[in-house]
Amino acid sequence: MQKSSTCSFMYGELTDKKTIEKVRQTFDNYESNCFEVLLYKKNRTPVWFYMQIAPIRNEHEKVVLFLCTFKDITLFKQPIEDDSTKGWTKFARLTRALTNSRSVLQQLTPMNKTEVVHKHSRLAEVLQLGSDILPQYKQEAPKTPPHIILHYCAFKTTWDWVILILTFYTAIMVPYNVSFKTKQNNIAWLVLDSVVDVIFLVDIVLNFHTTFVGPGGEVISDPKLIRMNYLKTWFVIDLLSCLPYDIINAFENVDEGISSLFSSLKVVRLLRLGRVARKLDHYLEYGAAVLVLLVCVFGLVAHWLACIWYSIGDYEVIDEVTNTIQIDSWLYQLALSIGTPYRYNTSAGIWEGGPSKDSLYVSSLYFTMTSLTTIGFGNIAPTTDVEKMFSVAMMMVGSLLYATIFGNVTTIFQQMYANTNRYHEMLNNVRDFLKLYQVPKGLSERVMDYIVSTWSMSKGIDTEKVLSICPKDMRADICVHLNRKVFNEHPAFRLASDGCLRALAVEFQTIHCAPGDLIYHAGESVDALCFVVSGSLEVIQDDEVVAILGKGDVFGDIFWKETTLAHACANVRALTYCDLHIIKREALLKVLDFYTAFANSFSRNLTLTCNLRKRGWLSRANAL
């Protein structure tokens, strides 16, 4: 419109002066705010608008533009009165207006598709547990009620990590405590698990006050919608996982059957691992993270199976009907082998003795590990039918788990060393080529040195291939960044517009030179302008070194002033490893022809250190 986005040209005599001042301050202070403002049409008809202002920031945290949204709320301020509504009360007319204009209600819903803007480091990105990936460009954080927590804030991220750690603790300790019945007489474990239960209970309260991402990608901050969403999803599981089962089992007068039931219900806490899997989903792009995760999964499965294996043995070692010991049980055989046999207490009428719980757990874990890894030494072996059936099932699970984990490990290591393998393959091909065509030793050494040094600089990354993936606008931005040293150091580019710099940047090429490489031979055509970014070069004319070029120097030809293509009057050779940014003659002339204002400035301000067209030398030579 080429007019102010405050719409000051639509202000009238009844437009609130305080609102006008607040709008001005919002723009001046780069804030996000919303107002109800009265504006006027061309025919002086007043219209009420709900105005939202949101500053848009770039990756440098600078406000580059404002997003202004206007929603017509005239119906809320002044209900329409027609023939059919004459005689109606104001409330009735308002009700009819709202019923006929549901779209207005939808428009009045605050646009919360905004998230916090922050320049997060790589570590912050790894630690972020939110399920959504934050884009680079964001509006300011949405204004939420005081008691509502943003799901991506620092506090919620830290809290999620605490819950994640406690969930893994639960996944380890719950099966162990259920199988080995270690809680009834251990006050320390009872207190620790009670603290964990309290933290899980606090997590439920926080989830009732935490925003979430809606189906359309918007941040939902309405307390009622948050409560309904949580009640429909994870509330029941979270509630069952934080009930104080251990405190109930700690009482002496609790019936054994009820105690066993509550002990079994503690396994419900393992359902929390579903939330962990969802939060860890975006870690799968990191090879090392996948490797650690697979090892943890393997150990966790072995731990669970060890608890089940002990429970089977503990159930079958003593026949409760006849009150006799089963000598073929693996627990009985283990007790004999380590010198802690079971013995019968005639006075109490019960069996006592046997291995300690620590020895039982270690032996169970040892058996499951050997079975899962398909080793199976046989010193602990199933003997009863139930033990054999469980062992068969464990072997089936183990074979699948073993193949999955170690298959992924092989893939991960192949990906980790893919570039190294490609590098060695390329070196072998070059060596075979040099040997096949009997390239002289000196030239062969130069070729190998160039390949090794170029690879060390570029890490085997094909810049052109990467840039070809990006869209045109993004490719231009990347090229401007890659050539920033040339644009910042040379005064010839200071008056160039952004469009001109982007057009030049995409035409620049970066080359890496090893010591001894000839950039130009005497007599060949000078078809490029070269900017030295790093390293040193020498200019040789008639077997005499006439100049040394270094960082910031420019050599080539002033072909934008000449009509013919020049012949190089000297050799230009690299003395050290050099980085040169070059632009071809045709590409430069094309840009200069289009940007005529920049062409005059460029021609006036660019000074060649070495003009290879002229034999006499030159603008600014470092003569020896």
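**View 1. The buried side of helix α1.** In α1 of this predicted model, T19, V23, T26 and F27 are buried, where buried stands for under 20% relative accessible area, exposed for over 50% and partly exposed for values in between, with a 1.4 Å probe and protein chains only. They cover an arc of only 95° around the axis, so they lie on the same side of α1, the arc being that of the directions from the helix axis to the C-beta atoms. On the other side of α1, K17 and K18 are exposed. Residues are numbered from 1 along each chain as its sequence is written, and side-chain values use heavy atoms, without hydrogens and water. Because the model is predicted, local features need pLDDT of at least 70 and side-chain atom pairs count only at pLDDT 80 or more, whereas totals for chains, interfaces and linings use all residues.

**View 2. Span and end of α1.** Helix α1, residues 17-28, has 12 residues and reaches 17 Å from its first C-alpha to its last, close to the 16 Å expected at 1.5 Å a residue; the expected span is 1.5 Å times one less than the number of residues. Helices (H or I, at least four residues) and strands (E, at least two) are DSSP runs numbered from the N terminus. After α1 comes Y30, whose phi is positive, near 55°.

View 3. An open sheet of 3 strands has the order β1-β2-β3 with antiparallel pairing, two strands being paired if DSSP finds at least two bridges between them. Its edge strands, β1 and β3, each pair on one side only. Strands β1 and β2 are joined by 8 bridges, and N33 stands opposite I53 in β2. The buried residues of α1 pack against β1 (33-40), β2 (46-57) and β3 (63-72), with contact meaning heavy atoms within 4.5 Å. The helix α1 runs at about 130° to β1; axes are lines fitted to C-alpha atoms, for helices over the stretch in contact, and angles run from 0 to 180 degrees between N-to-C directions.

View 4. Strand β15 (residues 554-556) pairs with β18 in the parallel sense over 2 bridges, and G556 stands opposite N611 in β18.
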